[in-house]
Amino acid sequence: MKRAAFRLQPVLELRRTEERAAAAAAAQAASAAADADRRATEYETSLATARVPSSLAGGAFVAAMSLLRTAATDASDARALATASAEQAELVRAQWTAAAQRTKGLERLKERHLAALQHAEDVAEERAVDDLVTGRAGRSTPPGDGEVPWTE
């Protein structure tokens with residue numbers, strides 16, 4: 001008996017491919033967010049440890065303060081980028097979750113399809129066994145006892 005194919009198998013394969021691509025994108029986005037956070041932390045740490053020497057000429061003092069202000073701006077920008085990267089990573093992770101849910105739905109359909117096929121095969125096998133047993137029972141009675149074998 002030929003088994004019926006799962007008609008949505010190509011769609012299921014496509015969903016699995018989409019899920020793998022979404023998983024890779026989520027991993028890449030999480031890595032980028034972690035790198036951005038690490039860089040922001042490094043900027044903030046270096047800014048926190050920066051000190052202006054106590055004895056500087058007027059021009060050098062202005063230059064040092066300008067440099068510290070630029071470093072503070074860079075640290076602030078790096079933190080903003082880290083926050084945006086984390087938000088983007090969360091969105092990509094949500095897309096991965098949605099892709100996984102779509103795949104899981106089709107996998108459940110396939111499982112139901114396989115269960116229905118197995119049930120149909122089991123029923124057909126039971127019928128065949130019942131027919132076989134019923135046929136043997138009719139043949140096993142001795143021909144001379146006057147009983148008419150039952151037939152369907």
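This note goes through the helices, the core, the salt bridges and one surface patch of a predicted model.

1. Helix 1. This helix covers residues 9-49. Helix 1 has 41 residues, and its first and last C-alpha atoms are 60 Å apart. That span is close to the 60 Å expected at 1.5 Å a residue. The buried residues of helix 1 include Leu12, Ala22 and Ala26, and Ala29, Ala33, Ala36 and Ala40 are buried as well.

2. Ala21. Ala21 also lies in helix 1, but with a relative accessible area of 48% it is partly exposed, because a residue has to fall under 20% to be called buried. In sequence, Ala21 and Trp96 are 75 residues apart. In space, the C-alpha atoms of Ala21 and Trp96 are 8.3 Å apart.

3. The nonpolar core. Five residues form the largest nonpolar core: Ala26, Ala29, Ala33, Ala89 and Val92. Helix 1 and helix 2 each contribute at least two residues to this core. Helix 1 gives the largest share, three residues. Within the set, Ala29 touches both Ala89 and Val92, when residues up to four places away in sequence are not counted. As background, nonpolar side chains tend to be buried together in soluble globular proteins.

4. The structure holds seven salt bridges. As a general point, side chains of opposite charge can pair when their charged atoms come close. Glu13 and Arg16 are both in helix 1, three residues apart, which is about one turn of the helix. Glu13 is partly exposed at 34% relative accessibility, and Arg16 is partly exposed at 25%. A network of salt bridges links Glu13, Arg16 and Glu107.

5. Arg79 and Asp37. The side chains of Arg79 and Asp37 form a salt bridge with an N to O distance of 2.5 Å. This pair links distant parts of the chain, with Arg79 in helix 2 (residues 58-140) and Asp37 in helix 1, 42 residues apart. Arg79 has a relative accessible area of 25% and is partly exposed. Asp37 is partly exposed too, with a relative accessible area of 36%.

6. Arg79 and Glu44. Arg79 also meets the side chain of Glu44 in a salt bridge, at 2.9 Å from N to O. Glu44 lies in helix 1 and Arg79 in helix 2, so the pair ties together parts that are 35 residues apart in sequence. The relative accessible area of Glu44 is 33%, which means that Glu44 is partly exposed. Arg79 therefore has a salt bridge to Asp37 and another to Glu44, and both of these partners lie in helix 1.

7. The surface patch. Leu56, Phe61, Val62 and Met65 make a nonpolar surface patch of about 340 Å². Among them, Phe61 is in helix 2.

Key
Residues are numbered from 1 along each chain as its sequence is written. This is a predicted model: local features need pLDDT of at least 70, side-chain atom pairs count only at pLDDT 80 or more; totals for chains, interfaces and linings use all residues. Side-chain values use heavy atoms; hydrogens and water are left out. Helices (H or I, at least four residues) and strands (E, at least two) are DSSP runs, numbered from the N terminus. Buried means under 20% relative accessible area, exposed over 50%, partly exposed in between (1.4 Å probe, protein chains only). The expected span of a helix is 1.5 Å times one less than its number of residues. A salt bridge is a side-chain nitrogen of Lys or Arg within 4 Å of a carboxyl oxygen of Asp or Glu. Patches are made of residues with over 30% relative accessible area and no salt bridge: like charges are joined within 9 Å, nonpolar side chains (Val, Leu, Ile, Met, Phe, Trp, Tyr) within 5 Å. Accessible areas come from the Shrake-Rupley method with a 1.4 Å probe; for residues, only the protein chains shown count as cover. A nonpolar core is a set of buried Ala, Val, Leu, Ile, Met, Phe, Trp, Tyr and Cys residues joined through side-chain atoms within 4.5 Å. Contact means heavy atoms within 4.5 Å.
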